[in-house]
Amino acid sequence: MADDELPDPDSEPFWQGCAEGELRYQRCNACDAAIFYPRAMCPVCGATDPAWAVSAGQGAVHACSVVHRAPPALADKAPYAVLLVDLDEGFRMMGGLAEGDPEKIAIGDRVSVTFREGPDGRPAPYFVSA
Amino acid sequence: MPARRVVPIHLTKAATLSLNKACAIAGVAESRLGAVPDATVLTLQAEALAGALADAGLEKADIDGLFVSGAWGRLPGLQIAEYLGIQPSYSDTTMVGGSSFEFHLGHAAAAIQASLCSVAAIVYGSTQRSRKDRYIFQIRSDLGYQYEAPYGLPTPVGAYALAASRHFAEYGTTSEQLADLAVSTREWARRNPKAYRREPMTRDEVLDSGWIATPLHRYDCCLFTDGGGAAIIVSPEIAKTLDKPPVWLLGQGESVSHAQISEMPDLTVTPAAVSGKRAFDMAGVTHDQLDVVEIYDSFTITVLLTLESLGFCKPGEGGAFLANGRTGPGGEFPLNTNGGGLSYCHPGQYGIFLIIEAVRQLRGECDERQVADAVLALVSGTGGVLSSNSTCILGLE
Ligand SMILES: [Zn+2]
């Protein structure tokens with residue numbers, strides 16, 4: 001796919017953060033909204049100068065699914081858990097479970113971010129039970 | 001600082017526009033369905049269009065508006081017009097997933113009301129089963145998708161599974177309740193000769209069908225078939241000249257809320273909450289007046305969330321609403337009477353088939369699965385990952 005075009009101009013600081021062990025998001029200078037994923041316009045108020053910020057990486061599981069029928073490239077990894085995590089700074093993102101039993105993670109569990117190589121070799125945010 | 005508007009609300013025309021009886025559906029048809037190895041994506045659209053024109057009693061030369069959706073080829077709106085030999089004076093290639101055709105119906109009504117066209121054809125086809133053009137199932141990693149791609153969520157099923165997980169956790173919804181919808185839908189399919197899966201199915205068979213992505217089992221998921229469909233939409237003046245009873249569009253609303261599941265504002269409320277209210281208001285009807293309801297069933301959870309968002313039951317009550325055969329033949333809430341995407345057909349973007357079935361029910365053409373004396377139907381299409389919804393209310397004169 002388009003992996004060779006990543007990072008792109010919107011995402012470069014985010015992926016650079018992952019490489020440095022930082023979970024970066026944006027905060028709107030005009031309305032203070034927490035913004036994820038990174039973009040050039042605040043989706044709440046329309047301001048065009050979102051500032052970069054660093055998350056403490058702590059949050060709660062908002063939704064989770066254990067994938068049994070994986071896409072072909074990940075078939076040998078299944079079953080694995082995919083999470084939506086609400087970070088304490090007020091944004092939501094998808095993440096994988098870095099370690100532990102995928103059947104044990106549950107909605108509401110506290111988790112913290114860690115960084116692991118994703119399928120394309122780039123460090124990406126994953127989560128572990130806090 | 002909250003989001004700020006400049007335009008005064010009384011100057012926004014969408015607040016006042018009514019499409020009530022702006023157009024009627026004059027003809028509908030499917031192509032061959034199921035596994036159709038000897039057809040291209042264009043063949044099936046030609047088949048469906050020919051059938052819909054015959055059903056309407058109109059000719060291809062009458063068509064001046066063309067509504068197309070798909071991700072095949074390079075420029076589907078041009079390729080299908082060329083193949084069919086149509087030079088439309090009005091074109092719409094809205095692509096918002098499987099609900100695109102319910103969007104088309106509203107857009108066709110508006111175009112006809114504005115005298116931009118008078119005979120509109122909505123066409124769709126897919127050969128995803130036989131020709132493996134599974135474009136919709138590739139994991140993308142560009143633009144916004146780069147933030148989801150590393151985690152291997154199968155698309156679209158994994159996104160619906162995440163929404164289901166949230167509904168289960170918030171409201172205690174169960175796999176048994178979702179399975180009951182799959183069983184009721186199969187019971188309808190058993191009464192539809194065109195349905196792909198017609199053998200009996202039990203709740204336990206659904207629950208034992210294997211996990212795809214928890215909490216969704218294999219039989220919580222739609223079929224993967226070939227197929228095409230078409231509908232002919234005409235102005236009120238033309239509708240009154242045709243042999244078959246016109247099926248009127250009484251109300252329509254549409255809404256889009258996100259593209260990726262991590263961006264969905266509330267995992268248990270779909271854009272049907274917005275589009276449905278608009279459709280009901282425009283039609284001037286209430287929920288209990290509806291005779292038959294056709295709701296996009298890409299997955300069992302799609303139906304549950306859409307029913308709640310449309311206001312057929314309160315948030316959290318969808319599981320009980322669907323359980324124990326309530327929506328099956330003989331049940332008090334006839335739902336997805338053709339057997340749905342779960343058991344009849346699902347060629348990638350299923351929304352055109354919701355319209356086809358609603359029209360046939362209202363005309364009384366459904367034989368063994370006919371809902372008696374149906375005069376008012378609701379069609380609700382959901383596309384993407386609970387991303388887009390258009391809801392249409394249809395009725396006889
Ligand atoms: Zn803002």
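**View 1. Polar contacts link chain B and chain A in 13 residue pairs, both residues at pLDDT 80 or more.** A polar contact is a pair of N or O atoms within 3.5 Å; within protein, one must be able to donate a hydrogen and the other to accept it, and residues adjacent in sequence count only if both atoms are side-chain atoms. On the side of chain B that touches chain A, helix H5 (157–171) and strand S5 (211–213) of chain B each supply at least two residues. H5(B) gives the most, with 5 residues. Helices (H or I, at least four residues) and strands (E, at least two) are DSSP runs, numbered from the N terminus. This is a predicted model: local features need pLDDT of at least 70, side-chain atom pairs count only at pLDDT 80 or more, and totals for chains, interfaces and linings use all residues. Residues are numbered from 1 along each chain as its sequence is written, chains are lettered from A and ligands numbered from 1 in the order in which they are written, and side-chain values use heavy atoms, leaving out hydrogens and water.

**View 2. Here Arg39(A) meets Glu263(B) in a salt bridge.** Their side chains come to 3.0 Å, N to O. A salt bridge is a side-chain nitrogen of Lys or Arg within 4 Å of a carboxyl oxygen of Asp or Glu.

**View 3. Now look at strand S6 (residues 92–97) of chain A, where 6 of 6 residues are buried.** Buried means under 20% relative accessible area (1.4 Å probe, protein chains only). Gly96(A) is the bridge partner of Val82(A), and Gly96(A) also stands opposite Tyr126(A) in S8(A).

Conventions:
Buried < 20%, exposed > 50% of the residue type's maximum accessible area, 1.4 Å probe, protein only. Pairing = 2+ DSSP bridges.
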